[in-house]
Every structure is written in structure tokens, then in C-alpha cells.
Amino acid sequence: MFDPEVETNPWRDQVRQDDAQYRRQVGYLLAHSAFYHSKLKQAGFATAEEIGGLDSIEKLPFTEKDEIRASCSENHPIGTHLAVRREEIVRIFSTSGTTGTPSYIPLTAQDLENWVVTSARSYSASGISPGEAIVSTYNAGPFVAGAALGAFDRLGMTHIPVGTGNTERLITAIRLLKPAAVVMTPSYAAYLAEWAEERRFDLKGSSVKRVLVAGEPGGGEPALRARLEEAWRAKVTEAMGIGDIGVSLWGECEEQCGMHLGGRGFVHPELVDPESGAPIAMEDGARGELVLTHLRHQAAPLLRFRTRDHVQVWSSPCRCGRTAPRVRCIGRTDDMLLVRGVNVFPSAIREVVNQFMPEVSGMILVKPQDPGVRQEPPVPVVVELAKDSAADPELAARIQKRFRDMLVFTAQVDLVPWGTLQRSEYKSKLVQR
């Protein structure tokens with residue numbers, strides 16, 4: 001473990017420590033964040049004493065991404081939630097905005113250090129060790145992944161950054177520099193398996209024994225994980241972050257039973273019903289939307305931030321000794337389809353389709369017929385066949401039946417030849433809108 005004293009601390013003790021930190025953070029927000037001073041006052045909270053501790057956090061309003069965007073202007077390009085002087089900021093990352101205007105994420109020196117520590121805890125859980133070499137495939141320049149990659153230096157690894165979109169260079173690095181691990185999206189890991197097979201590169205015989213996947217849901221899907229582990233002959237673990245809150249906040253250990261909260265002490269997690277916003281107890285098997293609150297952030301702290309990530313939670317002890325709650329991301333709530341009252345996630349559709357390998361390639365594309373979330377059945381789903389497989393109406397019928405049995409919705413499955421659906425060297429697009 002990177003930080004064993006913290007990572008094995010009983011969770012009830014962690015919550016007690018976090019409560020004191022949360023109260024300080026709330027006081028800081030009221031004093032330094034114009035956005036939260038106004039937001040909390042409008043909600044009826046003028047003092048930190050009125051807000052109270054973590055046991056009453058659910059009475060506070062959520063923070064939505066659109067609220068932060070709306071507070072940005074020429075005079076406030078970062079947003080009015082900025083809580084420090086500009087000269088205190090040492091790094092400004094950005095994310096792509098929905099209108100083409102970036103959203104800026106500022107960090108003080110302490111914020112950046114907390115992000116690196118969080119990422120080091122999360123990635124070290126996968127089993128990587130000091131002295132090993134690791135290849136990274138993220139374009140970390142202006143984006144928050146840059147802070148996550150600082151974890152590999154902190155862990156004492158030999159870091160080999162390759163970046164996105166240069167598969168030849170990546171394979172050359174694997175062949176010549178013999179890294180023990182690679183970090184990439186699960187979509188890219190799957191693409192590389194096909195790429196290597198077509199070119200007769202022995203991926204299974206390479207030096208890579210650990211594949212760390214992040215950047216999109218999917219790495220925890222049993223069928224996709226099995227497919228990747230077979231193709232790479234390596235252990236696959238996943239990590240997850242939320243750019244506005246922190247990178248690599250969650251990281252999976254070798255037990256492969258959900259991602260541990262590496263950001264413990266820095267963020268407080270909640271689980272809520274995505275429609276009503278009502279709190280859901282974080283216990284084994286619980287599902288809901290992940291809501292996060294900064295506990296010791298300086299530059300632009302967020303309070304009850306709706307991540308739109310729909311997760312499953314485990315709170316029981318893990319055999320690795322880490323005591324934080326664990327999650328697996330099922331999908332984005334804003335990618336979810338509602339079919340006759342049933343919530344359907346594209347990643348869950350892919351997981352069902354992967355059960356039909358080797359008859360299919362594992363590539364899918366959902367094509368909603370109606371604008372918005374609500375869809376009428378049958379929902380069109382394009383399923384790509386495996387190489388040298390022919391379309392079989394009986395296979396399509398079996399997949400449709402599995403959708404009804406497991407996901408409780410009706411689909412119209414369209415089988416297409418291998419190679420029809422676009423591969424990705426970064427993230428896969430599962431829904432065509």
C-alpha cells in the first residue's frame with residue numbers, strides 16, 4: 001500500500017475525522033466562495049453552525065455542473081466558486097465544454113499535492129511496484145489526467161508517456177522497453193488486442209502483466225475484463241476520477257471487487273437516487289448516483305457535486321485490508337435510457353452482448369429513435385459479429401431474449417459484419433444520438 005496507515009484506518013474513524021474537516025471546509029466556503037455564500041444563503045444557511053456536520057449533509061442543495069458553467073464570465077472565467085486569489089493558483093486544467101468553451105479547474109499547490117496522493121493510493125492498489133516501468137496513453141497536456149500521471153513518479157516507477165493515437169509507438173515501447181504495466185481506456189485495450197492479432201504481435205507474450213484501465217466505464221464488466229485478460233494475459237484493474245473533484249479518486253485492488261476510495265480524507269462520498277435525489281445508504285449491493293464533496297480543497301471547492309456516475313457500492317471488508325467503500329461504475333446517468341420505466345445503461349447492454357463471445361466482437365452501438373431519455377421499445381442495438389462470422393437470425397433472437405431476461409427491455413438487434421463499427425484509441429461511443 002502507498003499509505004497503509006490511512007488506507008487501513010477503520011471507516012467509522014475516517015468518517016469521524018472527515019466530519020471535523022467538513023465543518024472547516026463549509027466555513028471556508030462561506031468566507032471565500034461567492035458562489036456558495038450566495039447559494040447557501042438562498043437555501044437558508046447563513047452560518048457554518050446552521051449547516052452542521054456530515055450527518056445532516058443531505059439537507060444541503062446539490063451542486064450541478066451547469067450552475068458552475070453559468071457562473072463563468074469574461075470577468076470570472078473560472079467561475080464564482082473560485083475561493084483563492086489568482087496568484088495562489090499553480091495549475092489550471094481544463095475540460096471540454098458542451099459549447100466548445102472549456103471549463104477551467106484551478107489548483108493550489110496543496111490541491112495538486114492532494115490529487116497526486118489520491119492517485120498514488122488508487123493506482124498502487126493495482127499491484128504496481130517501485131522500480132517497474134509503466135506506459136501511459138493519455139494526452140495529459142491541458143487535461144486533469146496530468147495530475148494522475150504524477151502518481152507514477154510518486155510511486156517510484158519508470159514512467160513512459162506515449163499519449164493517445166499512436167499505436168505503433170506504443171507497441172514499439174512495449175517491445176523495446178518491456179514495461180510491466182500499461183494504463184489506458186478499456187476501449188483502447190480492446191482495440192490493441194485486435195490490432196496485435198491482425199499484425200501477429202504476441203501481446204500475450206509481452207512484458208505487460210498489469211493493464212490499468214480508466215477514463216470510461218467498462219473495465220469492471222466481467223465479460224469485458226475476461227476478454228482483455230485473455231488477450232493480454234495480464235491482470236486488469238480499473239480506476240476512476242471526476243475532473244471537477246479529483247483524478248483517480250477510486251482504484252481497484254487485485255481482489256477485483258470494486259474500486260477503493262483513494263481520495264479518503266479529501267472527499268466525502270454519498271449515494272443518491274438519480275431521480276428524486278433522496279439519500280441511499282452506502283452498503284453492499286446499493287446502487288445510485290455518486291455525489292461528492294470536497295473536504296480540504298482550496299482553489300474551487302465543490303459541495304454535494306452531482307457526478308452523474310451511476311455506481312454499485314460495497315462497504316464490507318476487502319481481503320486486501322483497505323477499509324474504504326468500493327464502487328463499480330455502471331454508467332453515466334446522463335447516458336441512461338428510460339424504456340417503459342426501466343433504466344437502461346449502454347454499458348450494461350455491452351456487458352450482455354459480451355456474453356455471446358466468440359460469436360460477436362464485443363462492439364455495439366445503441367441508436368435511440370426518440371430525442372431525450374425516454375424511448376419506446378424496441379430500442380435499436382447494432383451488434384458487430386466476430387471475424388469470419390455470418391449474420392444468424394437465431395443469434396439475434398438469442399441476444400434480444402437475453403436483453404429481456406437480464407435488462408427487462410425489448411431491443412431490435414441488428415447484426416453487422418466485423419469491422420463495421422468504429423474502433424477507438426481513447427473512449428468508445430456507445431450511443432448514437
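**Cavities, packing and backbone**

In this predicted model, the lining of the second largest cavity draws at least two residues each from α6 (109-124) and β8 (246-252).

Trainee: Which element supplies the largest share of the lining of the second largest cavity?

Mentor: The second largest cavity has a volume of about 90 Å³. Its lining has 13 residues, and N114, W115, I245, F266 and H297 are the closest to its centre. By class, six lining residues are nonpolar, five polar and two charged. The largest share, four residues, comes from α6.

Trainee: How many cavities of 30 Å³ or more does a search of the whole structure find, and what is the volume of the largest?

Mentor: The search of the whole structure returns five cavities of 30 Å³ or more.

Trainee: Which element gives the most to the lining of the largest cavity?

Mentor: The lining of the largest cavity consists of 16 residues, with I68, H81, Y104, I105 and D244 nearest the centre. These 16 residues divide into nine nonpolar, four polar and three charged. Both α5 (65-70) and β2 (103-108) supply at least two residues. The element that gives the most, with four residues, is β2.

Trainee: Turning to open space, which element gives the most to the lining of the second largest pocket?

Mentor: The second largest pocket holds about 520 Å³ of space and is lined by 20 residues, with A193, E194, E197, A231 and M357 nearest its centre. Two or more lining residues come from each of α9, α10 (222-232) and β17 (360-366). The lining divides into twelve nonpolar, one polar and seven charged residues. With six residues, the element that gives the most is α9.

Trainee: How are helices α8 and α9 oriented to each other?

Mentor: Two packed helices are described by the angle and the distance between their axes. The axes of α8 (residues 167-177) and α9 (residues 186-198) come within 12 Å and cross at roughly 80°. Because that angle falls in the range of 65 to 115 degrees, α8 is, relative to α9, roughly perpendicular.

Trainee: Which residues make the contact between α8 and α9?

Mentor: By class, the contact of α8 with α9 has six nonpolar, one polar and one charged residues. From α8 come T167, E168, L170 and I171, and from α9 come Y188, Y191, L192 and W195.

Trainee: Against which elements do the buried residues of α7 pack?

Mentor: Helix α7 spans residues 145-154, and its buried residues are A145, A147, A148, L149, A151 and F152. Just after this helix, G156 takes a positive phi of about 80°. The elements against which the buried residues pack are β1 (89-95), α6, β3 (133-136), β4 (158-161), β5 (181-184) and β8.

Trainee: Is V311 buried or exposed?

Mentor: V311 lies in strand β13 (residues 305-314). Beyond its neighbours within four places in sequence, V311 contacts L271, A286, R287, G288, L290, V327, R328, C329 and I330. C329 is 18 residues away along the chain, yet its C-alpha atom is separated from that of V311 by 4.4 Å. Relative accessibility is 0%, so V311 counts as buried.

Trainee: Where is K178 found, and is K178 buried or exposed?

Mentor: K178 has a phi near 50°, a positive value in a residue other than glycine. Its place is in the loop between α8 and β5. Since its relative accessibility is 55%, K178 counts as exposed.

Trainee: What is the phi of D388, and is D388 buried or exposed?

Mentor: D388 sits in the loop between β19 and α12 (393-407). Although D388 is not a glycine, its phi is positive, at about 70°. At 77% relative accessibility, D388 counts as exposed.

Terms used: Residues numbered from 1 in each chain as written. Predicted model: local features only at pLDDT ≥ 70, side-chain atom pairs only at ≥ 80, totals over all residues. Heavy atoms only, no water. 1 Å grid on protein atoms, 1.4 Å probe; cavity = no way out; pocket = protein on both sides within 12 Å on 5 of 7 lines; lining within 4 Å. Points joined across faces, edges and corners; volume = space filled by probe spheres on them. Nonpolar A, V, L, I, M, F, W, Y, C, P; charged D, E, K, R; others polar. Axes fitted to C-alpha atoms, helices over the stretch in contact; angles between N-to-C directions. Parallel < 35°, antiparallel > 145°, perpendicular 65-115°, else oblique. Contact = heavy atoms within 4.5 Å. Buried < 20%, exposed > 50% of the residue type's maximum accessible area, 1.4 Å probe, protein only.
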